[in-house]
Structure formats: structure tokens, C-alpha cells
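Trainee: Could you take me through one part of this model up close? I would like to look at the disulfides and what surrounds them.

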Amino acid sequence: MAFSSATALKATVAAIFMVVAMSSMGKPAAAGGTSCRERHCISECPSKCQAKADSSCSGLKYGGSQYCLKSCLDVCKSSCKSACNSGDPMCPSGGTEACNPTCTTKCDNHCNDQERPNYRPCLSAVFQGCKNSCEEGCKGGN
């Protein structure tokens with residue numbers, strides 16, 4: 001009697017499991033639903049679009065020197081000269097006169113390493129346009 005009850009319980013649990021599993025898997029997507037292929041396609045859109053945005057906006061990433069405020073350069077050069085005058089090993093000996101070329105180069109390079117003001121808006125616009133287009137293409141079966 002115990003054996004048949006245990007067997008019946010196992011069979012019932014297995015049947016319930018199969019009903020639950022089949023109800024969540026194995027069914028085609030409902031009308032208006034998203035298929036596995038669409039979800040996979042859509043999940044790839046962000047990385048594709050980030051690469052496109054990086055490529056499209058790369059010319060704006062660095063080179064912000066023309067946008068650097070004169071006061072920023074002045075502060076940089078003043079700080080550099082102070083470090084040189086206090087014996088910083090990175091600076092040439094000879095005081096302010098010798099430091100001028102070093103500080104000018106250092107500060108100009110620092111400024112050129114800054115992003116241009118329109119870099120981030122460019123990234124955002126290209127990424128969002130690409131993402132919208134990519135997702136529509138996925139939904140359209142492309």
C-alpha cells in the first residue's frame with residue numbers, strides 16, 4: 001500500500017511539473033508577444049549601438065584645447081611652475097624660465113586630453129537612434 005502511494009505521489013508531482021513546464025515553454029509566442037529570437041536580437045542592440053556611437057563620435061572625444069578656458073590653462077601652468085620652483089624631480093632645473101616650456105607642453109597636452117563639450121551629446125544621440133532602429137528591425141524580423 002505504501003509503495004503504491006509513493007508511486008502515485010511521484011507520478012502526480014511529475015505530471016504537475018510537466019504541466020507547469022509545458023505551459024511556460026514550448027508554446028509559440030502569443031500574438032503581440034516577443035519571440036526568443038526577437039529578445040535575443042534586441043539584447044544585442046546596446047553593444048552594437050555603443051560600438052557605432054563610439055566610432056561615429058570618435059573625432060569629438062579628445063582635442064578640447066580650443067574649448068579650454070584660459071583660466072584653466074593659467075591655473076595649470078601656475079601649479080606646474082610652483083612644483084618646478086619647489087624642486088619637483090619631473091621639472092628641469094633652472095627655475096621658472098626653464099619650466100615654461102615644460103609647463104606649457106604639459107598643460108596643453110592635458111587640455112588636449114579633455115573631451116570636447118559635444119562628445120557626450122553625440123554619443124547619446126547616435127546610440128539612441130541606433131538602438132531604436134535596431135529594436136524596430138528585430139521586431140520586423142531582421
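Mentor: Start with the link of Cys45 and Cys134: with -80° about the S-S bond, this link is left-handed. Cys45 lies in helix H2 and Cys134 in helix H5, so the pair ties together parts that are 89 residues apart in sequence. The S to S distance is 2.0 Å. Keep in mind that this is a predicted model.

Now check the burial of each partner. Buried means under 20% relative accessible area. Cys45 has 0% relative accessibility, so Cys45 counts as buried. Cys134 has 17%, so Cys134 counts as buried too.

Next, go to Cys49 and Cys130. A disulfide joins these two, with S to S at 2.2 Å. Here the torsion about the S-S bond is -75°, and the link is left-handed. Cys49 is in helix H2 and Cys130 is in helix H5, so this pair ties together parts 81 residues apart in sequence. Both cysteines, Cys49 and Cys130, are buried. Setting aside neighbours within four places in sequence, Cys49 is in contact with Phe127, Cys130, Lys131 and Cys134.

Then take Cys41 and Cys138. Their disulfide has an S to S distance of 1.9 Å. Cys41 sits in helix H2 and Cys138 in helix H5, 97 residues apart, so the pair links distant parts of the chain. The torsion about the S-S bond is about -70°, so this disulfide is left-handed. Cys41 is buried, and Cys138 is buried as well.

A disulfide is a covalent bond between the sulfur atoms of two cysteines.

Now step back to the core. The largest nonpolar core has 12 residues in all, among them Cys41, Cys45, Cys49, Cys130, Cys134 and Cys138. Other members include Ala53, Tyr119, Leu123 and Phe127. Helix H2, residues 36-61, and helix H5 each supply at least two residues of this core. The largest share, 7 residues, comes from H5. In soluble globular proteins, nonpolar side chains tend to be buried together.

Finish with two other residues. Glu135 is found in helix H5, which covers residues 119-139. Its relative accessible area is 18%, so Glu135 is buried. Leaving aside neighbours within four places in sequence, Glu135 is in contact with Ile42 and Cys45. Cys36 gives a contrast. Exposed means over 50%. Cys36 has 58% relative accessibility, so Cys36 counts as exposed.

Technical notes: Residues numbered from 1 in each chain as written. Predicted model: local features only at pLDDT ≥ 70, side-chain atom pairs only at ≥ 80, totals over all residues. Heavy atoms only, no water. Helix = DSSP H or I, 4+ residues; strand = E, 2+ residues; numbered from the N terminus. Buried < 20%, exposed > 50% of the residue type's maximum accessible area, 1.4 Å probe, protein only. Contact = heavy atoms within 4.5 Å. Core = buried A, V, L, I, M, F, W, Y, C linked by side-chain atoms within 4.5 Å. Disulfide = S-S within 2.5 Å.
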